[in-house]
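Dear colleague,

I am passing on the structure below, together with some notes on what turned up when I went through it. Please read the notes with the coordinates open beside you.

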Amino acid sequence: MLMDEVRGEAFLRKLPQDIRDGLTPTQTEAISRVAQGTIQRRHPIDFRVSLPLPFGERAYLVFLIGKEKRSSARRQLDKQLRPTDRLSQIVVFGLGLAAFTLAAFIALLFHNAVLTP
């Protein structure tokens, strides 16, 4: 069974049993096909890491880059469901800039160390 088919079956199992019992085989197949097509595809850059925090807690960091495929209506809905404040955006941008600067600095040090005997 292909992974999309497995996901379609998983979607159907989330429906209440009484609803599933009332579906015809044609309806079940149609719902499964639609569920298979709604699975998000992979992003070109998909970095996910779990970071340890003090007191045994963990934080989850996700960095995704890919082509924007959401409609403007979907983007507006996402903004309403997950509002971000300006401070959060500044902090994330600053951390990204710091990481890029550190990586560039390390690359320069490595480059200079290789060139000088």
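Ser32 counts as buried because its relative accessible area is 4%, which falls under the 20% limit used for that class. The residue sits in helix H3, which spans residues 25–37, and once its neighbours within four places in sequence are set aside, Ser32 is in contact with Gly8, Glu9 and Leu12. Please keep in mind throughout that this is a predicted model.

Confidence is lowest in helix H1 (residues 3–14), where the mean is 76, and highest in helix H2 (residues 17–21), where it is 89.

The overall layout comprises 5 helices and 2 strands, and reading along the sequence gives the pattern α-α-α-β-β-α-α. Of the 117 residues in the protein chain, buried ones make up 5%, while the chain exposes about 10,600 Å², with carbon and sulfur atoms supplying 65% of that area. Among the contacts with a separation of 6 or more, 17% are between residues 24 or more positions apart.

S1 and S2 form a hairpin with 5 residues between them, and Phe55, found in the loop between the strands, has a positive phi of about 65° although it is not a glycine. Is the side of the chain at Phe55 buried or exposed? Phe55 is exposed, since its relative accessible area of 84% lies over the 50% cut-off.

One of its members, Phe63, lies in strand S2 and is partly exposed, with a relative accessible area of 46%.

Turning to charged side chains, the structure holds 5 salt bridges. Arg70 forms one with Glu68, the closest N and O atoms being 2.8 Å apart, and Arg70 is also the partner of Asp78, where the corresponding separation is 2.6 Å. Both Arg70, at 33% relative accessibility, and Glu68, at 42%, count as partly exposed. Asp78, by contrast, is buried, with a relative accessible area of 9%, and forms a salt bridge with Arg82 as well, with the closest N and O atoms 3.9 Å apart. Arg82 itself is exposed, at a relative accessible area of 55%. Through shared partners, the salt bridges join Glu68, Arg70, Arg74, Asp78 and Arg82 into one network.

With kind regards

Definitions and conventions:
Residues are numbered from 1 along each chain as its sequence is written. This is a predicted model: local features need pLDDT of at least 70, side-chain atom pairs count only at pLDDT 80 or more; totals for chains, interfaces and linings use all residues. Side-chain values use heavy atoms; hydrogens and water are left out. Two strands pair if DSSP finds at least two bridges between them. Helices (H or I, at least four residues) and strands (E, at least two) are DSSP runs, numbered from the N terminus. Buried means under 20% relative accessible area, exposed over 50%, partly exposed in between (1.4 Å probe, protein chains only). Contact means heavy atoms within 4.5 Å. Accessible areas come from the Shrake-Rupley method with a 1.4 Å probe; for residues, only the protein chains shown count as cover. pLDDT is the predictor's confidence in each residue, from 0 to 100. A salt bridge is a side-chain nitrogen of Lys or Arg within 4 Å of a carboxyl oxygen of Asp or Glu.
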